[in-house]
Amino acid sequence: VQLQASGGGLVQAGGSLRLSCTASGRTFSSNVMGWFRRAPGKEREFVAAISGSGGRTYYANPVKGRFTISRDNAKNTVYLQMNSLKREDTAVYYCAGRSDWLPQRIDYDYWGQGTLVTVSS
């Protein structure tokens, strides 16, 4: 499976962005999809995950109530809607997929190339 992330860019604090991640392959709808990010000088960290059916989601505490993960299995795409963005959300955002519901673990099976989000004050 290959993943292609898009939607990053420059946004002012308080603004919104929607990231997309489109997958190739026929197993997309059965896979857990997650978003991670790596801020400058920091380790890669978990952001959000969604089950294959979309019925279960999980968020890291720093983004709860501001970010929403969703998916459209007909389009093989997972989204991350980011609202009320803060400067500390600046990072490269990566989408990833795995077969089991262990959303926070970093050992996902496959990864996208990342898309840069920059939040200015």
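The following exercises, each with a worked solution, concern the predicted model shown above.

Residues are numbered from 1 along each chain as its sequence is written, and side-chain values use heavy atoms, with hydrogens and water left out. Because the model is predicted, local features need pLDDT of at least 70 and side-chain atom pairs count only at pLDDT 80 or more, while totals for chains, interfaces and linings use all residues.

**Exercise 1. Overall fold**

Determine how many helices and strands the protein chain has, and how compact the chain is for 121 residues.

Solution. 
- Step 1: Helices (H or I, at least four residues) and strands (E, at least two) are taken as DSSP runs, numbered from the N terminus.
- Step 2: On this basis the protein chain has 11 strands and zero helices. Read from the N terminus, the order of elements is β-β-β-β-β-β-β-β-β-β-β.
- Step 3: The radius of gyration is 13 Å, close to the 14 Å of the globule rule for 121 residues, so the chain is as compact as a globular protein of that length. The radius is taken over C-alpha atoms, and the rule is 2.2 Å times the number of residues to the power 0.38.
- Step 4: Along the principal axes, the C-alpha atoms fill a box of roughly 40 × 25 × 25 Å.

**Exercise 2. Burial, contacts and surface**

State what percentage of the 121 residues is buried, and describe the contacts and surface of the protein chain.

Solution. 
- Step 1: Buried means under 20% relative accessible area, exposed over 50%, and partly exposed in between (1.4 Å probe, protein chains only). By this criterion 45% of the 121 residues count as buried.
- Step 2: A contact requires heavy atoms within 4.5 Å. Of the contacts with a separation of 6 or more, 57% join residues 24 or more positions apart.
- Step 3: The chain exposes about 6,200 Å², of which carbon and sulfur atoms supply 45%. Accessible areas come from the Shrake-Rupley method with a 1.4 Å probe; for residues, only the protein chains shown count as cover.

**Exercise 3. The disulfide**

Locate the disulfide, give its handedness, and decide whether its cysteines are buried or exposed.

Solution. 
- Step 1: A disulfide is a pair of cysteine sulfur atoms within 2.5 Å. A search of the whole structure finds one.
- Step 2: The partners are C21 and C95, with sulfur atoms 2.0 Å apart. C21 belongs to strand β3 (residues 17–23) and C95 to strand β9 (residues 91–98), so that distant parts of the chain, 74 residues apart, are linked.
- Step 3: The torsion about the S-S bond of C21 and C95 is about 65°, so the disulfide is right-handed.
- Step 4: Both C21 and C95 are buried.
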